[in-house]
Amino acid sequence: IINDIIKNLNHFLFLIQTIYIITSTYLKFLFKFNGKYDNKNNNFLMITEITNKLSKKNIFFIKIFQAIANNNNLCNKDLFNYFIEFTDNVSYTQDDIDNKVLHEIVQYAHDNNEILEIENDKPIKAGIMALVFKGKLNNKEVVIKLLRKNSREKFLKSIDDIGFIVT
């Protein structure tokens, strides 16, 4: 029972924090621009700030922004382009890169008489679940898509938090 109470409190806290992020950012822009929040550039800045804050709070928000980006009828061209760029270049840290798995992939190729070289330890793209690296397999250019460390756990928690809001 205590675990259920803690879980529900965490969900409630998530909901309050989400509402706070949206409301406080909106009010900040409202007061900063003296009520001229309908200005196209001000709206763009406000939406990008909310996007950045929410995506740090819960990775599932990035999927929502990705859905918006995939339907350019939902926003103007500038915002559409921003969402496309944003969802293809999700922030990551070195802790997200599973170097052990990268090494195992190279070793697997070697064990099967293949030569796999990963060109750089920096991903060329980063999504919410995976990082994409550029490489060569037997001198042919390839990309290697690697799940982020703990991506499954983070995603399940994100779904659980969002599910609480929806229900």
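These are my notebook entries from looking through this predicted model.

**Ground rules**

I number residues from 1 along each chain as its sequence is written, and my side-chain values use heavy atoms, with hydrogens and water left out. Since the model is predicted, local features need pLDDT of at least 70 and side-chain atom pairs count only at pLDDT 80 or more, while totals for chains, interfaces and linings use all residues.

**Entry 1: overall layout**

I started with the secondary structure and got 6 helices and 4 strands for the protein chain. Helices (H or I, at least four residues) and strands (E, at least two) are DSSP runs, numbered from the N terminus. Reading along the sequence, I wrote down α-α-α-α-α-β-β-β-β-α. The radius of gyration is 20 Å, well over the 15 Å that the globule rule gives for 167 residues, so the chain is more spread out than a compact globule. (That radius is taken over C-alpha atoms, and the rule is 2.2 Å times the number of residues to the power 0.38.)

I also looked up the extent of the C-alpha trace: about 65 × 50 × 25 Å along its principal axes. One pair I checked was Asp78 and His103: they sit 25 residues apart along the chain, and their C-alpha atoms are separated by 40 Å. Asp78 belongs to helix α4 and is partly exposed, at 41% relative accessible area.

**Entry 2: surface and contacts**

How much of the chain is buried? I got 30% of the 167 residues. Here buried means under 20% relative accessible area, exposed over 50%, and partly exposed in between (1.4 Å probe, protein chains only). The chain exposes about 11,400 Å², and carbon and sulfur atoms supply 57% of that; the areas come from the Shrake-Rupley method with a 1.4 Å probe, and for residues only the protein chains shown count as cover.

Then I turned to contacts (heavy atoms within 4.5 Å). Of those with a separation of 6 or more, 52% are between residues 24 or more positions apart.

**Entry 3: nonpolar cores**

A nonpolar core is a set of buried Ala, Val, Leu, Ile, Met, Phe, Trp, Tyr and Cys residues joined through side-chain atoms within 4.5 Å. Which members of the largest core touch the most other members? I found Leu54, Phe61, Phe65 and Phe83, out of 19 residues. Helices α1, α2, α3 (60-69) and α4 each supply at least two residues of this core. Leaving out residues up to four places away in sequence, I saw Leu54 touching Thr18, Ile21, Ile22, Phe61 and Phe65. Apart from that core lies another, of 9 residues, including Leu102, Phe133, Ile144 and Leu146.

**Entry 4: aromatic rings**

I noted 5 aromatic pairs in the structure. Rings of Phe, Tyr and Trp (its six-membered ring) pair if their centres lie within 6.5 Å; planes under 30 degrees apart count as stacked, over 60 as edge-to-face and the rest as tilted. Phe44, Tyr82, Phe83 and Phe86 form one cluster. Phe83 had already turned up in my core entry.

**Entry 5: salt bridges**

I looked up the salt bridges next, and there are 7. The cut-off is a side-chain nitrogen of Lys or Arg within 4 Å of a carboxyl oxygen of Asp or Glu.

Glu49 and Lys28 make one of them, at 2.9 Å from N to O. This pair links distant parts of the chain: Glu49 is in helix α2 (residues 40-57) and Lys28 in helix α1 (residues 2-32), 21 residues apart. Is Glu49 buried or exposed? It counts as buried because its relative accessibility is 17%, whereas Lys28, at 38%, counts as partly exposed. Setting aside neighbours within four places in sequence, Glu49 is in contact with Thr25, Lys28 and Phe29. I also see Lys28, Glu49 and Lys53 linked in a network of salt bridges.

Asp96 and Arg148 pair up too, with their closest N and O atoms 2.9 Å apart. They are 52 residues apart, with Asp96 in the loop between α4 (77-88) and α5 (99-111) and Arg148 in the loop between β4 (140-147) and α6 (151-166). Asp96 is buried at 8% relative accessibility, and Arg148 is buried at 8%.

My last pair was Lys100 and Glu104, at 4.0 Å from N to O. They are 4 residues apart in helix α5, which means about one helical turn between them. Lys100 counts as exposed at 59%, and Glu104 as partly exposed at 41%.
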